[in-house]
Structure formats: structure tokens, C-alpha cells
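This report looks first at how two chains meet and then at the overall build of one of them. Please keep the sequence and the model at hand while reading.

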Amino acid sequence: MKSPLRYLPWEYLGLFCVLLALIGLFGLLSDHFLTLLTFTTIANQIPALAVIAIGMTFVLLIAGIDLSVGSLLALSGALIGWVLVDWQQSILVAACVGVMAGAVCGLINGFISAHWAIPSFIVTLGMLEIGRGAAYLTTGSQTHYLGASVSAIATPLPGLGLSPSLVLAVLLVVIGQVVLSKTVFGRYLIAVGTNEEAVRLSGIKTTPIKIAAFVISGLMAGLGGLFHVAYLESADPNAGIGLELSAIAAVVIGGTSLAGGRGSVVNSFLGVLIIAVLQTGLAQVGASEPTKRVITGVVIVVAVILDVYRHRAGDFKAYAVRVFRLNRPASD
Amino acid sequence: MSLLELHGLGKTFNAAVLKGIDLTLAPGEVLALMGANGAGKSTLCNIISGQLAASTGSMRLQGLDYQPGGVAEAERLGVRMVRQELSQINQLSVAENIGLAHLPKRWGFVDYPRLNQQASQALAMVGLESLDPTTPMHRLGVGQQQLVEIAKTISQPCKILLLDEPTAALTDPQIDILFQQIRRLQKQAVAILYISHRLADIERIADTVTILRDGNIVSRQAKADISAEQIVKDMSGVASDQAQHFAPRPPGDALLTLTKVSRPPLLNNINLTIRRGEILGIGGLIGAGRTELLRAIFGADLAPAGSQGEMTITRAQKAQAYAPASPAQAVAAGIGMIAEDRKQQAALLPLAIKHNITLAKLSTVSGKGWINSTKEAATAGHWQQALAIKCDHIDQPIGELSGGNQQKAIIARWLLRDCDLLMFDEPTRGIDVHTKRMIYQLLDDLARAGKAIVVVSSESEELTHLCDRIAVMSAGEITRVFNRGQWSEEQLMAAACENFLIPGRRPQASVGPSL
């Protein structure tokens with residue numbers, strides 16, 4: 001039976017419904033939530049977190065973790081400010097320096113953790129400190145105002161209402177998902193995250209694959225730094241503190257497994273949107289900052305519990321199939 | 001009166017492993033349980049010790065119905081087992097390991113002086129009176145760890161003691177001490193079930209010898225009535241009904257030559273030629289170094305210090321040195337290996353069957369890094385039909401398939417990869433007879449198509465049925481290489497036991513996983 005329903009993107013539908021429900025809920029609770037202003041505000045806040053969540057998805061897929069992304073975002077921003085102000089270079093050069101710095105730090109993370117088989121938790125925890133320290137050193141521990149030279153990236157385009165950074169972030173989400181589900185590299189990432197030894201014994205070099213995931217994460221953190229600088233119009237060495245945890249939360253809400261092998265970039269992006277809507281909505285209904293944090297924490301845990309149930313249902317199906325096959329009289 | 005009686009005990013996993021075992025154990029009897037790998041010895045012991053439940057049959061302990069719900073219950077009833085795989089906790093002290101299940105307490109705290117004193121008494125039983133019970137477990141050598149494990153078990157009251165290859169890691173003086181303890185327990189009317197491959201040990205300690213083959217008891221005799229030759233003969237059995245027959249295959253050119261290859265401590269001085277067009281079997285007992293040999297050829301492990309020897313690959317009459325540093329290099333050189341542990345080392349269980357099949361050669365279904373999903377489905381579908389992999393759909397996770405069908409999908413992965421040399425480690429373990437035959441036919445077809453095939457198997461019937469030559473390993477060395485027609489089951493078993501029978505020449509790795 002060929003139903004037109006099969007063209008629906010089923011794997012994204014669950015989270016999309018959660019997102020719509022949240023929007024509906026806040027629409028009922030607050031008179032001002034369902035306005036264009038709310039959505040443009042959210043849209044312009046999320047690009048940095050969105051691109052970082054893409055990178056984090058790749059790293060979690062191979063059963064790694066990257067705690068350094070918040071610091072790398074700050075380092076990238078600090079370098080962009082430095083190149084713009086002290087070197088008097090164009091924004092293009094500055095952006096390249098910032099993004100490349102992120103990628104290089106990601107390369108170091110990946111090389112050390114893959115080559116010496118050190119848990120990425122430890123390696124990237126070190127990089128978290130290194131990146132933050134380097135950001136302070138670069139800026140002299142001060143926030144540098146950069147002004148109009150960078151703000152264009154985060155300013156809504158006339159007629160569209162969306163900033164170039166958001167457009168780029170969404171484009172990268174699509175590219176990231178396509179890479180994951182359509183390329184050989186994406187297949188290898190999933191395979192390594194599922195059972196690295198089996199992949200290695202199939203004659204595939206796993207080290208470059210794992211390093212690449214960390215490079216992507218660093219690259220995305222560097223790009224996040226650019227978006228963040230543009231949004232604030234300044235280079236702040238304190239930017240992105242704790243952002244790694246928000247990114248992990250978004251990715252986990254999106255159903256990516258910390259144990260590796262399972263994940264989706266689009267769902268991570270939906271996770272980012274859920275967190276952003278929650279934050280903005282709670283602020284609008286007058287929740288205090290501490291209350292917002294409590295509720296966000298609860299949502300993260302509930303999301304993961306639901307995910308466990310979703311997969312247990314899958315296991316149950318597999319189990320049932322096995323049992324019925326075994327119990328068939330002909331087979332015994 | 002017998003202490004333990006088994007009536008028609010059976011156990012079925014995917015296939016029947018134990019088929020109606022009847023056995024009695026008298027007080028003070030040392031019963032040696034022998035059998036080839038996979039004969040069902042460990043399963044039988046696991047049932048008696050409460051780790052597994054029997055599928056059929058019943059057990060009686062001292063005349064009462066005995067159905068232990070777990071190891072703890074069996075131990076409470078006086079049935080204890082020393083397992084082949086050590087179960088110690090490395091970070092804890094020797095005394096804590098010995099007393100873990102019943103730590104002496106004082107006001108809620110562990111009474112260490114008493115614990116250490118009790119542990120010293122237990123250690124004295126196995127000749128370790130000089131060992132400080134506060135030593136961390138990980139400081140001990142494997143032999144001492146094994147003795148601690150034995151001390152832990154025999155320091156508790158028991159009626160039936162099961163010992164699974166207890167001497168595997170022990171030196172001769174340590175074995176003497178163990179046997180003294182067995183004699184002491186025997187005088188206290190404890191019945192002992194002693195599993196071992198080692199004929200020399202069995203000659204010394206056993207009263208009766210029971211031999212298990214394919215889940216059946218094939219003989220049970222007093223030790224005095226039985227000879228070493230008889231034991232080997234009963235263990236190997238005679239080839240049973242084989243409907244399948246393979247015509248002799250003409251031997252081809254040498255493909256891979258191993259010269260004096262050593263990988264301490266597991267492989268020693270291996271000389272072997274693998275030829276195209278033939279199936280070469282690697283026989284021997286578990287722990288003899290068979291898997292390690294395949295892994296060395298496949299570059300699966302970093303070569304340990306002290307590695308020696310060289311390998312050469314011959315193609316178009318040109319010999320080339322071959323020293324793989326990784327499986328990727330081995331595969332690039334046209335060598336593939338289908339690992340023994342399917343779940344851990346081969347299958348990507350949650351992924352689709354088609355993704356499992358194409359994994360090793362995605363290049364055939366992709367262009368410029370992009371996977372052509374239509375082509376991938378067609379390729380995987382072709383192999384699914386060619387090997388008759390039973391599934392609902394090739395998009396189904398491979399983990400939902402039966403073991404045999406998973407194995408076929410993994411074989412499909414390597415057939416798609418198209419190697420000159422394919423090595424199979426226990427290719428039919430846990431697989432039903434029908435699928436087994438299919439896999440045999442497949443291996444025969446591959447060899448006739450000019451591939452070199454190597455098969456490691458613990459089933460000597462499988463090797464004698466399938467192979468043109470069989471190299472038998474014992475304690476890290478190849479003891480004999482037989483050509484088809486030159487071997488008998490007894491000779492194979494004798495060659496496999498050869499290095500195990502010489503005292504002082506024990507394999508260093510025999511405390512590995514057992515079946």
C-alpha cells in the first residue's frame with residue numbers, strides 16, 4: 001500500500017509536535033507570545049547554539065563528547081576582534097581566522113583522543129580551560145566593542161526578517177543532515193559510534209573518522225564565535241560559558257544517544273528551537289531566572305526518559321519478532 | 001547412596017547443547033568430566049552450579065529435588081564451583097576477595113583483623129600461607145589468583161565442588177597442593193566434578209572418567225579401566241552422518257607464507273603456507289593460539305615486544321613482504337577475517353542488514369563520497385538472495401536476525417569486499433545444521449573459485465569434513481599439519497593435546513574464555 005503519508009518526515013515529526021505544543025502553550029499563557037517580534041527575537045538568538053549543536057551531534061554520534069565548544073566560541077570571537085581592531089583586516093579575514101582557530105583546536109582534540117585513546121571528556125575538558133584562557137589573553141580580559149563592522153551578519157535582512165547568520169545556520173543543518181544520511185563519511189560515523197571494533201575489523205581506518213568529527217565540532221564552535229560576536233557587536237571573553245551544556249542538552253533532546261551510533265542533525269536543531277522557545281516563553285510569562293533553569297532541567301530529563309521509552313518500544317518489537325519466529329512449529 | 005543425581009538433563013539454546021544427561025555422583029567421588037570444546041561440559045556445570053536453568057530433566061541432591069534458582073541458592077545448598085574465568089575484584093585485597101560474600105562485621109564496620117585471619121587460614125589450605133592477605137589482588141600472578149579463587153571456594157562448607165580447568169594457570173608444585181586439598185575434601189565425603197583437557201592431571205586425581213560428546217555422555221568408566229588412547233578416541237568420536245561430500249580440490253599456488261612467526265606469549269614459531277584453491281583448517285583446543293594466529297595475519301593487534309618472523313604474499317609469481325599494521329592494510333592486501341565474536345567484532349546490531357553488508361566496500365555503491373541508496377539496496381538485495389538470508393526486509397536491523405542469518409550477512413560483507421584470502425574463526429558456532437551446510441557449500445565454492453580459505457574450528461568433524469589440510473595447534477605452536485586422508489580423529493586430538501601433556505610446557509594463555 002502506497003500511502004502519501006510515507007513521504008512525511010516521520011523521524012522529525014515527534015519533536016516538531018513537541019515544539020508546536022510548547023508554542024501553543026505559551027500562546028495561551030501569554031498575550032504577547034504569538035507575535036512576529038517574539039519569533040524574530042528567538043530566530044536571531046539561536047544561530048550560534050544551532051551550529052554548535054550540529055558539531056556536537058557529530059561528536060556524540062561517535063560516542064565522544066566535546067566540552068570545549070563554549071570556550072572555542074569565545075576564543076574565536078576574541079580572535080575576530082583582535083584581527084579586526086589590532087590588525088585592521090577585513091571582516092572576511094577576521095572570520096576566517098576565528099573559524100580556522102576553532103577547527104585547529106578541534107583537530108587537536110580529535111587527534112589526542114583518537115590517537116592515544118584518551119576519553120574525549122578529559123581532552124576537551126582540558127581544551128575548555130585552554131580556550132577560555134586564550135580568549136582572556138587575546139582580549140586582555142576585556143570586552144572589545146566592534147560595532148558596525150560585524151553587526152551586518154546578525155542584522156535581519158530587509159524583506160526577509162531573518163539574519164544572514166540564521167540563514168547560514170539553517171543551511172548548515174540541512175547540509176549536516178545530508179552528510180550524515182547520504183555520504184560514506186556519514187555512514188562511517190554512525191558505524192564507528194555503533195561498534196568501532198567491528199568497523200576496524202572490516203578494514204576501515206577509524207582514527208581519521210573520529211578526528212574529523214572533532215574538527216567539525218571545532219569548526220562549528222569557531223563559526224558560532226563569529227555569529228555571537230556579530231549578535232553582540234563586541235568580542236567578549238566571557239561569551240559562551242556553559243554553552244557546551246546547552247548544546248549537549250539540545251542534542252540529547254533531539255534523541256541523539258550519548259552512547260553513540262544514533263543521532264540526527266535536524267532533530268538536534270529542533271532541540272535547539274525547543275530550548276530557545278522554552279527560555280523566551282518562560283521569560284514572557286514572568287518566570288524568574290532560577291525558575292527557568294529548574295523547568296529547563298526538568299524538560300531535558302523528561303525528554304530523555306521519553307526517548308528511552310521510544311527505543312524500548314523498538315526493542316520490544318524486535319523481541320516479539322524473535323519470539324514468534326522461534327515459536328513457529330516448523331522451525332523446531 | 002548417591003549425593004547428586006541427574007535425570008534426562010537437557011539444555012537448548014539455539015540448538016540442543018545437552019541431550020538428556022543421566023549422571024550420578026557419589027560422596028567422596030572425583031569424577032573427571034572430559035570432552036572436546038563445545039561438547040557441553042561448561043553448560044552442564046553451569047546448570048549444576050545454578051547459573052543456568054535446565055530446559056528438560058531433573059536433579060536430586062541427597063534425595064531431595066534440587067532446582068537452584070541461582071548461584072547463591074546453589075551455594076547455600078552446598079554446591080560450589082571454581083570457574084575457569086577468574087571472577088576476582090582486582091582493586092580489593094586478597095582477604096576481601098575471599099570473604100566478600102560474608103564479611104565479618106563489628107558495629108556495622110568490617111572486622112578486618114578477623115577477616116584477614118580467616119583469609120590466612122583459607123590461603124594456608126592452598127599453600128599460600130606466606131601470602132599477606134592484605135595484598136591487592138592485582139599484584140598476584142594468574143596462578144596465585146587461581147589458587148585464591150580455589151581457597152575462597154573450598155574454605156566454605158560444601159557437598160559438591162565443581163572445578164573447571166583448575167590447573168590451567170598452575171605450576172606443577174601448585175597442582176600438587178591442589179590435589180592434596182582435593183584428597184582432603186574427598187575424605188570428608190565431598191563429591192568433586194573435575195573438568196579438564198589435561199589427561200596427565202586426570203590420570204592422577206580422578207576415580208571415574210565421564211566423556212561428553214555433542215551433549216551426550218558417550219562413556220563412563222572407572223579410571224583404571226580406561227586408557228589415554230580410549231579417552232582421546234571417545235572425545236573425538238567417529239564422523240557421523242554427513243550427507244555432504246566434497247570432491248578433492250586441486251591444490252593451487254601458495255598465496256601467503258608464514259616463516260617462523262612468533263607473537264609472544266601466544267604464538268611461537270609458526271611456519272605455514274596458505275594456498276589458493278584450498279580450505280586450510282586450524283584445529284586445536286581453546287587457548288591454543290588459533291584466534292591469535294588469524295589476528296596476527298589480519299594485523300588486528302599491535303605486534304607485541306619480541307615478535308619475530310615474516311610473512312610473504314605471492315601474486316603472479318612475485319613474492320612480496322607482508323607486515324600488516326592494521327586490518328585496513330590487511331584488507332588492502334586482499335585478506336579478510338570473519339571474527340569469532342559476531343556481536344562484538346563483526347555485526348553492527350542496530351543498523352540495517354543492507355548497511356552491514358555494504359560496510360566493508362561502500363565504494364561499490366557510492367560515487368565521490370555519496371552513497372547511491374538505490375544501488376546499495378540492489379547490491380545488498382542481491383547478496384541477501386544469493387546467501388538466502390532469512391529476513392523481512394533488508395532495511396531491518398541485523399540484530400533482529402537469528403545467529404545463522406547474521407553470520408550469512410557478515411559473510412556477504414566479505415564476499416562483496418572480494419578478498420583473495422578469507423579467514424573464518426568458528427564460522428558455524430551456534431548455528432543450526434541446515435545453515436551450517438549452506439556455509440560449508442559456500443566455502444567449497446569459494447575455494448574452487450581460486451580463493452584461499454582458512455577455517456578455525458573447535459569441531460573436528462567440521463574440519464575433517466571441509467578441509468584439504470588441517471594444521472593443529474597446541475599451546476601456541478603448530479604441532480602437526482595433516483593432508484586430507486592422512487588424519488584420523490584420534491590423531492587430531494592427540495596433536496591438539498600434545499603440548500598440553502608435557503609437564504612444564506603449559507600454554508600461558510589458557511585462562512582465556514572458554515566455550
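## The interface between the chains

In this predicted model, chain B and chain A bury about 2,400 Å² between them, and 59% of that area lies on carbon and sulfur atoms. Within the area that chain B buries against chain A, Leu359(B), Ile371(B) and Glu400(B) together supply 22%, which is more than any other three residues contribute.

Counted by residues, the contact draws 32 from chain B and 22 from chain A. The size of an interface is often expressed in just such terms, as the accessible area that is lost when the parts come together.

## Fold and dimensions of chain B

Chain B contains 17 helices and 24 strands. Its radius of gyration is 25 Å, close to the 24 Å that the globule rule gives for 515 residues, so chain B is as compact as a globular protein of that length.

Of the 515 residues in chain B, 55% are buried. Where contacts in chain B link residues at least 6 apart in sequence, 68% of them join residues that are at least 24 apart.

## Surface and charge of chain B

The accessible surface of chain B amounts to about 21,600 Å², with 52% of it belonging to carbon and sulfur atoms. As for charge, chain B carries 51 positive and 50 negative side chains, and the centres of these two sets lie 4 Å apart.

Methods: Residues numbered from 1 in each chain as written. Chains lettered and ligands numbered in written order. Predicted model: local features only at pLDDT ≥ 70, side-chain atom pairs only at ≥ 80, totals over all residues. Heavy atoms only, no water. Helix = DSSP H or I, 4+ residues; strand = E, 2+ residues; numbered from the N terminus. Rg over C-alpha atoms; globule rule 2.2 N^0.38 Å. Buried < 20%, exposed > 50% of the residue type's maximum accessible area, 1.4 Å probe, protein only. Contact = heavy atoms within 4.5 Å. Areas by Shrake-Rupley, 256 points an atom, 1.4 Å probe, with all protein chains shown as cover. Lys, Arg positive; Asp, Glu negative; His and termini not counted. Charge placed at Lys NZ, Arg CZ, Asp CG, Glu CD. Buried area = accessible area lost by both parts, 1.4 Å probe.
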